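This report describes how the chains of an assembly meet one another. The sequence and the structure are shown first, and the description follows.

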Protein chains: 4
Amino acid sequence: MSALDRVISDLVVANRILAREDVVDAYGHVSLRNPDNPKHFFLSRSVAPELVERGDIVELGLDGEPVREERRALYLERFIHAAIFEARPDIQAVVHAHAEDILPFGIAQATPLRPVIHSGSFIGANVPVWDIADRFGDTNLLVTNMEQGRDLAKSLGQNNVALMRGHGFASAARSLIEVVRISVYLPRNARALLRAKQLGGEIKYLAQGEIDARNRGYSPYSTETWRAWEYWANKAGCSHMLTKPTGAGTAHQGPQKK
Amino acid sequence: MSALDRVISDLVVANRILAREDVVDAYGHVSLRNPDNPKHFFLSRSVAPELVERGDIVELGLDGEPVREERRALYLERFIHAAIFEARPDIQAVVHAHAEDILPFGIAQATPLRPVIHSGSFIGANVPVWDIADRFGDTNLLVTNMEQGRDLAKSLGQNNVALMRGHGFASAARSLIEVVRISVYLPRNARALLRAKQLGGEIKYLAQGEIDARNRGYSPYSTETWRAWEYWANKAGCSHMLTKPTGAGTAHQGPQKK
Amino acid sequence: MSALDRVISDLVVANRILAREDVVDAYGHVSLRNPDNPKHFFLSRSVAPELVERGDIVELGLDGEPVREERRALYLERFIHAAIFEARPDIQAVVHAHAEDILPFGIAQATPLRPVIHSGSFIGANVPVWDIADRFGDTNLLVTNMEQGRDLAKSLGQNNVALMRGHGFASAARSLIEVVRISVYLPRNARALLRAKQLGGEIKYLAQGEIDARNRGYSPYSTETWRAWEYWANKAGCSHMLTKPTGAGTAHQGPQKK
Amino acid sequence: MSALDRVISDLVVANRILAREDVVDAYGHVSLRNPDNPKHFFLSRSVAPELVERGDIVELGLDGEPVREERRALYLERFIHAAIFEARPDIQAVVHAHAEDILPFGIAQATPLRPVIHSGSFIGANVPVWDIADRFGDTNLLVTNMEQGRDLAKSLGQNNVALMRGHGFASAARSLIEVVRISVYLPRNARALLRAKQLGGEIKYLAQGEIDARNRGYSPYSTETWRAWEYWANKAGCSHMLTKPTGAGTAHQGPQKK
């Protein structure tokens, strides 16, 4: 399997995982920068993520338009991806979705969404809320051109996640596995925080030092990260499409008895 | 496949989708006006929507009675559909259901149900609550004759959705796909609003201009609408029954690179 | 199929439905009075309701003991059923279960559980909370003898449902289909009430006249009741075991056009 | 089947049950002390519990390291198990997991998690909250060495469950079946308590005497305990791996009529 084939397979797996984990439904999408050409990225044509197959993946430029002739319909909101890839050379993968349990935090902004559980640490200490109305007034709330995408990317800044008021979120990460992980645990962190507030009293958020410590230890092909990827792919019925880099997630690295 | 065959198939698909998406259970129903005769509409005989097949679809008049001899039992509440089709010539499709998460908004009326998420925009800015007791006193809460149906239709007015106190909702739209979409996203919007209130602070509802902008862009066979319909049908196990109008949801309409 | 065979089949179906609808899990049970001998009733041996088969059904007396030699283990809490059948000659079927969403109403008694949705009307206007500790002090909370069962039956009185503090509920009805229906909609009514309270403001409960109107219209083999039974049995994978009384749920009884 | 084979099979079943019941996902683990050598215990290699097979089970010492040469990756947090087995000779089985609904009680500590439902009694009257930051400052929140494990075990003390702030819980019991049971009902008890608080008014917790009464009656192979184990294994698709001790869960022990 060529490196490009692997990239396409991984992106299909990511689509199926996000669907199975209720992060996306008919809507929402995930993209991956072309490792051979940082000015291009891969994204499915317009189809529900659960149904994405290899042949649905399209290569787009940083203007959000396809780099080859393309007659099939594309996602209206592909500019979210293009603008984030344009603004953030460090980012390799982007998710945009409407996962239900993050929506309240974009609607009622009295309680900022911050990490309270260890698996939520990768959303980062600060999750800005972008409101398309602030600059664009009354729209259909969709990000349908580069100007809107760039405004969202500006709000995202150097953070990993931005909420989009009344709409959803955009997340960005150093690897495809990481952006999926952030997107799966983001709603879980949101639920934990909402319920902790219902219990009342002081909330113990993750400390900045804890977020940093977790971030330092992260590796996209560590045993622990691969374990989740394999588990999710199995649940989503596409474990046969997994392409495991040589040596990933196999070796015991702790001290050994003989 | 004839135009009428397609209408019947679409209605079966709509039944299955609403069941799979937990909008209906053993109860609740969806109807479609006869495109060839606006004084008739199609509705299943009395059977759970999940189990509806083509042969279960019955043609009814605007008085809620079958237009041909019919020995099978019919839904008691078919008058909801008849009265809305009678009052609203612009309406092509109606849903009545008891989706659990909208019920609290009919029981505790301190918080009106209004759109807070973009996919909830089609419920419209105003969702009236109809209480059968206001005019009919102590009933079994079911709409079992035209007089009750007309009272509900009057409460609905020119809106897209009316809540029914202690019972459920009725939704009405310009197309079958749209009424299904409204009915699927209505409970999601209700959950988002309930949880936003739990977070506290000011709630940002969709602005009227945003609702209008989304409404202007809506088309029942647009790429985006068809994507959801295809996705839901696939989840409901009836994607083989889809009848895609020629050209629907296929063409890329944005700018193209060569 | 003999009348007795039908009774046994129906009881197996009821077990499977209650399991599929999350009313029971490994625990909880449903019983049916012997139509030929009101001093006996049928209940499964000790096995999870989801796994109950015809051969598991045992005939018990109103003392909670098997009427024939029985070497298999029985439910510890069969005395709940025996005591209710003893106290209430009008009752044909009993459920005891721990459905999660009714538990809060037995633990925090500031908000009595009352019907707020039409499908919840059959729980009745008044749902007493029985606390085993009031008379028996510190127990393992289980109803393991006739004395405890009779105390619970006394608390139930002429109502349809009693909550059991920190434990679950017992429901009693005129037919097997009705007791299943009550038990399925009881948690839904509880959720609707809890969420209505979270929205704040005045709660509109069903009026006594509405509860009475619904009760008068109830018939265990009406078209509407049978529709739910058929739907639930299908979901539970046991629609092949349905034994439909001749003529039940088939005829259209409204006015007919020719 | 040898005694050791049975132990391994039971541990595989426990892994699958905890996955099916949403106690663990890609993360979380369950261990069992070696009945032939109390200084050793069994735990899977690093793989999602849902995917654990017999060949994945590894034998570890009370220092958390494998007792034989092992080239496969191990769980980073195996020291939780080692430290609890070291500190508590009475304990035969340990679970560590991140079940979502217990998380709020570790984040907002105004409401201690205590048993409110009879199936929650086995969590014990007192559930301490351990915060890794209290002694170790800013970490990645994982228990990755014996020093951290011992600090957690000290916080657990003689209790059955300790919550871990922003992370999850550790539970410990006299048998594998019991630790699974505690871990399954712990989140249910948490949900019941959270919702009871939402209803307002006084909360009726289980009395100490009730917890004691339930504890006295517990037996890992009683009819009632086995019923749940069999039910859960069936749901998890591994009932074929059940190894039922002779006579467990079969005999009717109450009075018998002839």
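## Contact between chain A and chain B

The contact draws on 48 residues from chain A and 41 residues from chain B. The model is a predicted one. Together, chain A and chain B bury about 3800 Å², with 55% of this on carbon and sulfur atoms. Within chain A, the residues that lose the most area to chain B are A:Tyr27, A:Glu100 and A:Ile107, which together account for 18% of what that side buries.

Between chain A and chain B there are 7 salt bridges. One of them joins B:Arg188 to A:Asp25, with the closest N and O atoms 3.5 Å apart. Polar contacts also link chain A and chain B, with a count of 16 residue pairs in which both residues have pLDDT 80 or more.

## The side of chain A that touches chain B

Two helices of chain A, H3 (103-107) and H6 (176-199), each supply at least two residues of the side that touches chain B. The largest share of that side, 4 residues, is provided by H3(A). By class, the side of chain A that touches chain B comprises 22 nonpolar, 10 polar and 16 charged residues.

## Symmetry of chain A and chain B

Chain A is superposed on chain B by a rotation of 90 degrees with 0.0 Å of shift along the axis, at an RMSD of 0.0 Å. The two copies are therefore related as by a four-fold rotation axis. Among the residues of chain A, A:Gln198 comes closest to the rotation axis, its C-alpha lying at 5.4 Å.

Which surfaces do the copies use to meet? Only 2% of the interface residues of chain A are also interface residues in chain B, so the copies meet through different surfaces.

## Contact between chain C and chain D

The contact of chain D with chain C takes 41 residues from chain D and 48 residues from chain C. About 3800 Å² is buried between chain D and chain C, 55% of it on carbon and sulfur atoms.

The count of salt bridges between chain D and chain C is 7. Among them is the pair D:Arg191 and C:Glu100, whose closest N and O atoms are 2.5 Å apart. Across the interface of chain D and chain C there are 16 residue pairs in polar contact, both residues being at pLDDT 80 or more. On the side of chain D that touches chain C, helix H6 (176-199), helix H7 (208-217) and helix H8 (223-235) of chain D each supply at least two residues. The residues of that side of chain D divide into 15 nonpolar, 12 polar and 14 charged.

## Chain pairs without contact

No contact joins chain B and chain D either, where the closest C-alpha atoms lie 11 Å apart.

## Form of chain A

The secondary structure of chain A amounts to 8 helices and 7 strands. Along its principal axes, the C-alpha trace of chain A spans about 60 × 50 × 30 Å. How does the radius of gyration of chain A stand against that of a compact globule? With 258 residues, a compact globule would have a radius of gyration near 18 Å, and the 18 Å of chain A agrees with this.

Terms used
Residues are numbered from 1 along each chain as its sequence is written. Chains are lettered from A and ligands numbered from 1 in the order in which they are written. This is a predicted model: local features need pLDDT of at least 70, side-chain atom pairs count only at pLDDT 80 or more; totals for chains, interfaces and linings use all residues. Side-chain values use heavy atoms; hydrogens and water are left out. Contact means heavy atoms within 4.5 Å. Buried area is the accessible area (1.4 Å probe) that two parts lose on being put together, summed over both. A salt bridge is a side-chain nitrogen of Lys or Arg within 4 Å of a carboxyl oxygen of Asp or Glu. A polar contact is a pair of N or O atoms within 3.5 Å; within protein, one must be able to donate a hydrogen and the other to accept it, and residues adjacent in sequence count only if both atoms are side-chain atoms. Ala, Val, Leu, Ile, Met, Phe, Trp, Tyr, Cys and Pro count as nonpolar, Asp, Glu, Lys and Arg as charged, and the others, Gly among them, as polar. Copies are superposed by least squares on the C-alpha atoms of residues with pLDDT of at least 70 in both. The radius of gyration is taken over C-alpha atoms; the globule rule is 2.2 Å times the number of residues to the power 0.38.
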